[in-house]
Amino acid sequence: MNIRQLLSDKFQAAMLAAGIPEACGPVVAPAKKAGFGDYQANGAMGAAKRMGTNPRELASKILKQLDKGDMIEKVEIAGPGFLNIHLSEPWLGQQLLAAQQDPRLNIASAKDPKTVVIDYSHPNLAKEMHVGHLRTTIIGDALARLLEFQGHHVVRQNHMGDWGTQFGMLLAHLSDKLADSDAQVALADLEVFYREAKVRFDDEKDFADRARDYVVKLQGGDEQCLKLWKQFIEISISHCEDIYSKLNVTLKQEDVYAESQYNNDLPVLVKELLDNGIAIEDQGAIVVFLQEMADKEGNPSPMIIQKKGGGYLYATTDLAAIRYRANQLEADRILYVVDARQSLHLQQAFVASRKAGFLPEAVSLEHCAFGTMMGDDGKPFKTRSGGTVKLAALLDEAVERAEKLVAEKNPELDVATCTEIARKVGIGAVKYADLSKTRTNDYIFNWESMLSFEGNTAPYLQYAYTRVRSIFRKAGIEPGELKGDIQLESPQERALAIKLSQFGEVLDQVAKDTFPHVLCTYLYELASAYMRFYEACPVLKEGISETQKHSRLQLCNLVARTLTAGLDLLGIEVMEQM
Ligand code: ARG
């Protein structure tokens, strides 16, 4: 259910009936302050301006035409022409009851499901995953889960970097190492391996020559060489899979569609672009000049798709990828969860592929850009000695820190339970700290604030969930045994009810705008509304009637289920106690 949409439809109809042109929208949004109703429709002001009439009069004309149905209790005109909407209590109670009885919490599946391709995580397989891959991996995964929950057909595309000249030195080094050990052992630490290969490449002329030779052979499809390369890639992918499972991310082996998989298409694509005049030869290179992205002086933006020596580029592969995704995968939407610093590159790829007619007009290409993760010093996050932080090490530290906190908070827990809780808290904290920030901004990575049990953090939400569960244990009732209506008598019950009913519209908004922090903010507000309700409305106190107890317990249970569902869409787990 999407209250905002339902109200928009009602007010739009009323505006049309009042003779207001359709282009003037009803502008419905949740009320920002208490005392101004539950929602507001602010469209009367804009419409009056356009029509040159008095906004308050127009607002009252709209009201005369409004079909309140059983949804709206009353509407007040306020200020210059705001319409403050009060939802009907029985209607809200019925919505919650419907959510209570529905495994999907009364959230309908998309009426018009789309095929959404999401390009995310995409580490470079020459090295180990580092903190720079965290944001794309968890933001992309949250979007994938959410769109899937809404009933869309999501195709995950892990565009791994598994090709390029650096593999020459890696393979040369690997073939030497295999004389002494097997590939698993040699590649146990990819960072060390990469560094060793790089040193040899820089210092040993022989080695460097062999490395270059490997590149040529690899590109030429030499069997021996491809076998070596496959060994390398497989082990490197298995490192990534360990991280995905630690991070509770849904990416699987079958989602890998790496750069090398476009190799055969690259010469075809370049030839095509040359033939149809989209690309031209310029100083030996093949270039697409994009007048659409010209600078202030009118110079077109150049996009090289083949180097002078014949080599292809990152950009060439991305053009091939767009064509594959639009045509083979039949995407309606293609989301790129990629660092903001690549926005020029992606913009060029988007514009060039449209120009080349690689995709139907209706397919949308969206760069879901994100900012940089910073250290406390306000500079990009590094180890103390200035190195890149391995993702595996960061996640281990998160769990260790969480373990200390959990053990302190609840010393009675046995070791196994404590470890399991610490895993969920630590990983949840890292993910939530990231997902709850507006993704386009840089943010400062800070252990203390992300692991705090207060404020907009994963531990706070996980804790709210455990509070609800403990009420049920105390009451000795299972959620399935609850019966009767949901009554909303106190202001705290009503406020909580409104929040609960807004889950659906929040999901719709995130699906459309691809900003997961909107869901985080919602869950935080829900947990806070629950805490206020819990203070004001006793659930298990003596003397409380059975009807009221059951009504309130149903609210509690909906909170627990909505928190679980919302956190699950972010890839964060809950626990019964902490
Ligand atoms: N592997 C690339 C990198 O590490 C990111 C790939 C992003 N996806 C894409 N289709 N370009 O920078």
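Predicted model: local features only at pLDDT ≥ 70, side-chain atom pairs only at ≥ 80, totals over all residues.
Reader: Which residue in β10 does D119 stand opposite?

Author: D119 faces Y336. β10 is also joined to strand β11 (residues 364-367) by 4 bridges, again running parallel. In that pairing, I334 stands opposite L365 of β11.

Reader: Are the residues on the two faces of β10 buried or exposed?

Author: Buried, on both faces: R333 and L335 on one side, I334 and Y336 on the other. A residue is buried if 20 or more other C-beta atoms, placed from the backbone, lie within 10 Å of its own, exposed if 12 or fewer, and partly exposed in between.

Reader: Which residues are around the ligand?

Author: D119 and Y336 are on the list, along with H122, N124, H159, G161, D318, A321 and V338. To be near the molecule, a residue needs its C-beta atom, placed from the backbone, within 6 Å of it.

Reader: How does that shell divide by residue type?

Author: The shell has 3 nonpolar, 4 polar and 2 charged residues. Nonpolar covers Ala, Val, Leu, Ile, Met, Phe, Trp, Tyr, Cys and Pro; charged means Asp, Glu, Lys and Arg; the others, Gly among them, are polar.

Reader: Changing topic, what does UniProt list for residues 123-133?

Author: An unreviewed entry gives the short sequence motif "'HIGH' region" there. UniProt positions are in the numbering used here, feature names are shortened, and annotations may be inferred rather than shown by experiment. The stretch 123-133 is 0% helix and 0% strand, with its end C-alpha atoms 7 Å apart.

Reader: And what does the UniProt annotation covering residues 461-578 say?

Author: That unreviewed entry reads "domain: DALR anticodon binding". Residues 461-578 are 69% helix and 0% strand, and their end C-alpha atoms lie 12 Å apart.

Reader: Which helix holds L553, and why does L553 count as buried?

Author: L553 is in helix α21 (residues 546-569). L553 is buried because 23 other C-beta atoms lie within 10 Å. Beyond neighbours within four places in sequence, L553 is in contact (C-beta atoms, placed from the backbone, within 7 Å) with A475, I477, L482 and V539. The C-alpha atoms of L553 and I486, 67 residues apart along the chain, are 9.2 Å from each other.

Reader: What domains does the assignment give?

Author: Domain 1 is 3-87, domain 2 is 115-160 + 260-367, and domain 3 is 166-248. These bounds come from an automatic or database domain assignment.

Reader: How many residues of domain 2 are in contact with domain 3?

Author: 8 residues of domain 2 are in contact with 13 of domain 3. The side of domain 2 that touches domain 3 divides into 5 nonpolar, 1 polar and 2 charged residues. The C-alpha centres of domains 2 and 3 are 26 Å apart.

Reader: How many helices and strands in the chain?

Author: 21 helices and 13 strands. Buried residues make up 41% of the 578 residues.

How values were computed
Residues numbered from 1 in each chain as written. Contact = placed C-beta atoms within 7 Å. Pairing = 2+ DSSP bridges.
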